[in-house]
Amino acid sequence: MSTRDTCWLNKKIANKHYQTYYLAEKSPLATTIRAEFAVLFANASEVDEKDKATIVFERVLNAKLGVEGFEMTVSENVVTLSATSDKGLLYGFYHLYTQLAQDKAIQTIVSVPDQAIRMINHWDNMDGSIERGYAGESIYFKDNKFRRDFETIRDYARLWASVGINAISINNVNVHKYETRLILEENLPEVKYIADIFSSYGIKTYLSVNFASPKIVGGLTTSDPLDEGVNDFWAAIAKNIYRAIPDFGGFVVKADSEGEPGPFTYGRGHDDGANMFARALAPFGGHVIWRCFVYDCAQDWRDRSIDRARAAYDHFIGLDGKFDDNVTLQIKLGPIDFQTREPVTPLFGGLKKTNHIIEFQITQEYTGHQKHIYYLAPVWKEALDFDTKVNEKENLVKNLLKENSVISERSGIAAVGSVGMDKNWTHHKLMQSNLFAYGRLCWSNQLTSKEIAEEWLALSFDLSQEAAEKVLAILLTSRETYEFYTAPLGIGFMVKPHLHYGPDIDGYEYDRWGTYHFADRNGIGVNRTSIDGTGYAGQYAKQREAEYNDLATCPDNLVLFFHHLPYTHVLHSGKTLIQHIYDTHFEGVARVENYIATWDVLSEEMPAADFENVKTLLQEQHRVAKDWRDQVNTYFLRKSGIADEKGRHIYA
Ligand code: GCU
């Protein structure tokens, strides 16, 4: 164990009854269970006969448990954890632990994950930096070498295993010079150290790869996916990796996106590109994850016919059914880029014959850089529970991921990770809740944001009920609070270019990235209707299209994503658009002031370091929230000339 924060694995089970266990297995996963007993139980002892134990692990044949599920049964004060694999036993162990740690009654339960792939993508570079990382340097790399801090990696692996994560890619999807070489012999022994640690916690390791590797490190003159030499190159690479790391997961690929190389260079399609990797990996059971974040990032702001929101659908819908069985498309939750409020991408429900996973972002790129409190579970739940209304009956994203994938084991959820070398992993203590919530939600889609936050609080701290409720209220309102003081009603961005922290309302307005708000003296918003707009709304199923097209039904919180509206437009809430902007921006800052006051009351109950950590960061959140409030309000007062009807001070 390193000296780092133990997060939600923070308590030792002192219950005298549950300290003896029987475990016949000898695999690395079983060894992990033994190690966890030593750390998490006060007096654990392994016994060599079943009937001397109060916790019994059992491998069984039981199809309903699948490969990863477990069953926990209780009879005569003996808990039996059964699973078809040692991985299931490990998940059962953590379940038992969390029940005991929360003093919950031990109850019979069958638990099977709702999503097959439950993945983390790290955007770590070998120089130690992390693209969009806000919690210190990479835990894997430093100075263009491997950091070799295996204790940290082990501690990290156990955190994820305890909430059921089963796949991790360790390097940035933008694959630079040194990282392009990760697939080569010279780096495989080091990758293997990491993969072996992850593997002993049931986690498969993936690498992000550079599409142009054949040219860059293979000595070839082309990286054309239909070229024989290129295919031979990737076949040899795959063979070599699997010789070193037999349970290697596969590749994550960002191609033809934001300057990364891809099949377009050779006049080929994304299907050609992805299937090339698929062929190389297939003999070893390997897997390609191909990202759909493809759009024109050299757009001319003068040309209003292009709509970035359309891009993923336009690029991929025509390729449905053309990918090999071991390819999975990875699709960001929303059509733009992890804004605080976006509609759910229409590819969900649109794709019918292609393995796919939904991509979330745990790292808080647009949501406050882990300096602001932003509990993400509600965002993820909203996406998973989104009814696409395809076929005019209920068709929720969480089900379609599996049902519309050719092989349901190749579907699921991925999220961009948020940890770094900061002692508490996430920089902001409260933002550990997003790690926990992500894992729990991937496993059990029906859990509520509140249930997960309660569990996290109970496992992480020793708070009175009153105090726990205070923190819970902060977490559960945090997303709306952030939404209130930043860009209004689904319009997104207005952030400082590149940094993506703090306000800069026109920062991207005349730039090439396709993220415009089109504010003028009369109004604001993007007309994405299929009536007289960009047609984006037409990518949805009929009912959704009609709902978004029509102002009478389009939800307020997305209204500027779909419509360009005058400041005097009256929302469903009864307020005018301009008054909504003023009110929410004043309210957002007031809420942060309430958080500060609430937090101060918790000084007695919170561990000192955590108390100080959050207290300090709340000051920063307050400073930046005020900046947002004043810049946004001033900007719209100047544009519209309409005064705040409540007469509050706006810098004119
Ligand atoms: C965002 C982010 C980039 C990242 C990209 C991606 O645009 O700002 O840093 O590379 O997403 O998802 O690939």
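Predicted model: local features only at pLDDT ≥ 70, side-chain atom pairs only at ≥ 80, totals over all residues.
Next, select α19 itself, residues 608-640. This helix has 33 residues, and the distance from its first C-alpha to its last is 47 Å, close to the 48 Å expected at 1.5 Å a residue.

Display the side chains of the buried positions on α19. Among them are Val614, Leu617, Leu618, Val624, Trp628, Val632 and Phe636. The buried set also includes Gln621, Arg629, Asn633 and Ser640. Proceed past the end of the helix to Gly641, which lies just after α19 and takes a positive phi of about 70°.

Select residues 104-425 next. UniProt, in an unreviewed entry, assigns to this span the feature "domain: Glycosyl hydrolase family 67 catalytic". Its end C-alpha atoms lie 28 Å apart, and the span is 27% helix and 14% strand.

Finally, centre the view on the ligand. Which residues are around the ligand? They are Glu131, Arg132, Val173, Asn174, Lys254, Glu258, Phe293, Asp337 and Glu365. Colouring this shell by residue class shows six charged residues, two nonpolar and one polar.

Methods: Residues numbered from 1 in each chain as written. Helix = DSSP H or I, 4+ residues; strand = E, 2+ residues; numbered from the N terminus. Expected span 1.5 Å × (residues − 1). Buried ≥ 20, exposed ≤ 12 C-beta atoms within 10 Å, placed from the backbone. Near = placed C-beta within 6 Å. Nonpolar A, V, L, I, M, F, W, Y, C, P; charged D, E, K, R; others polar. UniProt positions renumbered as here; feature names shortened; annotations may be inferred.
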